[in-house]
Amino acid sequence: MPENSGDASFDQWIEKLHTLADQEACEWIVPDDPLILRQAYEEGLTPEDEYDRLNKVAAWHGCGCG
């Protein structure tokens, strides 16, 4: 699905997600390409929900071999 650059709601959602990541010094976990985030937005996730999901994916929990 092509990005709808006129979608102010999606733009605001992205901005909020970036703000959350900036506050936690984790800007690197938010993809630069908004199309990657579009599905989470369309599924109704809040920026907070998506930040938590991205943070969990980015966290290393060990190899599990111990």
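This note goes through the predicted model point by point, from confidence and fold to side-chain pairs.

1. **Confidence.** The model is predicted. The protein chain averages a pLDDT of 86. A score of at least 70 is reached by 82% of the residues.

2. **Overall fold.** The protein chain has 3 helices and 0 strands. From the N terminus on, the order of elements is α-α-α. Helix 1 covers residues 8-23. Helix 2 spans 34-42, and helix 3 spans 47-58. Take the contacts between residues at least 6 apart in sequence: 72% of them join residues at least 24 apart. Of the 66 residues in the protein chain, 26% are buried.

3. **The nonpolar core.** In soluble globular proteins, nonpolar side chains tend to be buried together. The largest nonpolar core here has 13 residues. Which of them touch the most other members? They are Trp13, Leu17, Ile29, Val30, Leu37, Tyr51 and Leu54. Helix 1, helix 2 and helix 3 are the elements that give two or more residues to this core. Helix 1 gives the most, with 6 residues.

4. **Leu54 as a contact point.** Leave aside residues up to four places away in sequence. Leu54 then touches Leu17, Ile29, Val30, Pro31 and Leu37. Leu54 is also among the core residues that touch the most other members. Leu17, Ile29, Val30 and Leu37 share that description.

5. **Aromatic pairs.** A pair of aromatic rings is described by the distance of the centres and the angle of the planes. The structure holds 3 aromatic pairs. One of them joins Phe10 and Trp13, with ring centres 6.1 Å apart. Their planes meet at 15°, under the 30 degrees cut-off, so the pair is stacked. Both residues lie in helix 1, 3 residues apart, about one turn of the helix. Phe10 and Trp13 are both buried. Together with Tyr41 they form one aromatic cluster.

6. Arg38 lies over the face of Phe10, at 4.3 Å from the ring centre. Arg38 also forms a salt bridge with Glu42, with the closest N and O atoms 3.2 Å apart. Arg38 and Glu42 sit in helix 2, 4 residues apart, about one turn of the helix. Is Arg38 buried or exposed? Arg38 has a relative accessible area of 10%, under the 20% limit, so Arg38 counts as buried. Glu42, at 45%, is partly exposed.

7. Side chains of opposite charge can pair when their charged atoms come close. The structure holds 3 salt bridges. One of them pairs Lys16 with Glu48, at 3.8 Å between the closest N and O atoms. This pair links distant parts of the chain: Lys16 is in helix 1 and Glu48 is in helix 3, 32 residues apart. Lys16 is partly exposed, with a relative accessible area of 36%. Glu48 is partly exposed too, at 34% relative accessibility.

8. Arg53 and Glu50 meet through their side chains in a salt bridge, at 2.7 Å from N to O. They are 3 residues apart in helix 3, so about one helical turn separates them. What is the relative accessibility of Glu50? At 1%, Glu50 counts as buried. Arg53 is partly exposed, with a relative accessible area of 41%.

9. **Trp28 in the loop.** Trp28 is found in the loop between helix 1 and helix 2. Its relative accessibility is 61%, over the 50% limit, so Trp28 counts as exposed. Trp13, by contrast, is buried. The C-alpha atoms of Trp28 and His18 are separated by 9.7 Å. Along the chain, Trp28 and His18 are 10 residues apart.

Key. Residues are numbered from 1 along each chain as its sequence is written. This is a predicted model: local features need pLDDT of at least 70, side-chain atom pairs count only at pLDDT 80 or more; totals for chains, interfaces and linings use all residues. Side-chain values use heavy atoms; hydrogens and water are left out. Rings of Phe, Tyr and Trp (its six-membered ring) pair if their centres lie within 6.5 Å; planes under 30 degrees apart count as stacked, over 60 as edge-to-face and the rest as tilted. Buried means under 20% relative accessible area, exposed over 50%, partly exposed in between (1.4 Å probe, protein chains only). A charge sits over a ring if NZ of Lys or CZ of Arg is within 6 Å of the ring centre and within 35 degrees of the ring normal. A nonpolar core is a set of buried Ala, Val, Leu, Ile, Met, Phe, Trp, Tyr and Cys residues joined through side-chain atoms within 4.5 Å. Contact means heavy atoms within 4.5 Å. A salt bridge is a side-chain nitrogen of Lys or Arg within 4 Å of a carboxyl oxygen of Asp or Glu. pLDDT is the predictor's confidence in each residue, from 0 to 100.
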